[in-house]
Amino acid sequence: MSVESRLAELGFPVPAARPPVGAYLPASRAGTIAMSSGQLPMGPEGILATGKVGSAPGSVDPETAGQCAVQATLIALAALRTVVGELDRIDRIMKLTGYVASDPDFTGQPGVIDHASRLLVEAFGEPGRHARAALGVAVLPLNSPVEVELTVSVRDDG
């Protein structure tokens, strides 16, 4: 079963790639390494949630932020698809970097980004296990609670 079919079966279809909103590429590739730009959790109606993650009133709860991390990961995969062709050409997820806009007392960034990590393992199996950074930041574009970027190894088919 293809990676995209597996994701769709899990209820996480890979959306169309989003065009850049600045002077950058959504993804780039050099040889067998490809990287996505940081991607936000955008849905058909716009960003899925806004605000900082934490427990203060009005904050984004960690579970919602985790769902946003999953959506941002799907969008990063869509961006990578534009430079690798089919996602099945990815032979290893090398690194996931996740940024979490956090209330000052929030320390659960790894738990938020773990939603994205689990999705990659479900989609790619053992090659989906990766190095990772889960960083707390003051603010992200569009007041997003998360941003995700991926670095992958691509099969060299000649």
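A residue is termed buried when its relative accessible area is under 20%, exposed when this area is over 50%, and partly exposed in between (1.4 Å probe, protein chains only). The legends below describe a predicted model, in which local features need pLDDT of at least 70 and side-chain atom pairs count only at pLDDT 80 or more, while totals for chains, interfaces and linings use all residues. Residues are numbered from 1 along each chain as its sequence is written, and side-chain values use heavy atoms, with hydrogens and water left out.

View 1. At 19% relative accessibility, H130 counts as buried. H130 is found in the loop between α3 and β6 (131–137); helices (H or I, at least four residues) and strands (E, at least two) are DSSP runs, numbered from the N terminus. The H130 side chain makes a polar contact with the side chain of S117 at 2.8 Å. A polar contact is a pair of N or O atoms within 3.5 Å; within protein, one must be able to donate a hydrogen and the other to accept it, and residues adjacent in sequence count only if both atoms are side-chain atoms. The side chain of H130 also reaches the backbone oxygen of G128, at 2.6 Å. When neighbours within four places in sequence are left aside, H130 is in contact (heavy atoms within 4.5 Å) with I93, M94, K95, L96, S117 and L120.

**View 2. The largest nonpolar core.** A nonpolar core is a set of buried Ala, Val, Leu, Ile, Met, Phe, Trp, Tyr and Cys residues joined through side-chain atoms within 4.5 Å. The largest one has 38 residues, of which L7, L77, V112, F124 and L150 touch the most other members. At least two residues of this core come from each of α1 (3–9), α2 (62–84), β5 (90–101), α3 (109–124) and β7 (146–154). Helix α2 gives the most, with 12 residues. Not counting residues up to four places away in sequence, L7 touches F12, P13, V14, L74, L77, L119 and A123.

**View 3. The salt bridge between E4 and R81.** The structure holds four salt bridges, each defined as a side-chain nitrogen of Lys or Arg within 4 Å of a carboxyl oxygen of Asp or Glu. In the pair formed by E4 and R81, the closest N and O atoms are 2.8 Å apart. E4 lies in helix α1 and R81 in helix α2, so the pair ties together parts that are 77 residues apart in sequence. E4 is partly exposed, with a relative accessible area of 27%, and R81 is partly exposed at 22%.

View 4. Between R118 and D114, a salt bridge brings the closest N and O atoms to 2.9 Å. Both residues lie in helix α3, four residues apart, about one turn of the helix. A salt bridge also joins R132 to D114, with the closest N and O atoms 3.0 Å apart. This pair links distant parts of the chain, as R132 is in strand β6 and D114 in helix α3, 18 residues apart. Through shared partners, these salt bridges join D114, R118 and R132 into one network. Relative accessibility is 27% for D114, which counts as partly exposed; R118 is partly exposed at 41%, and R132 is partly exposed at 31%.
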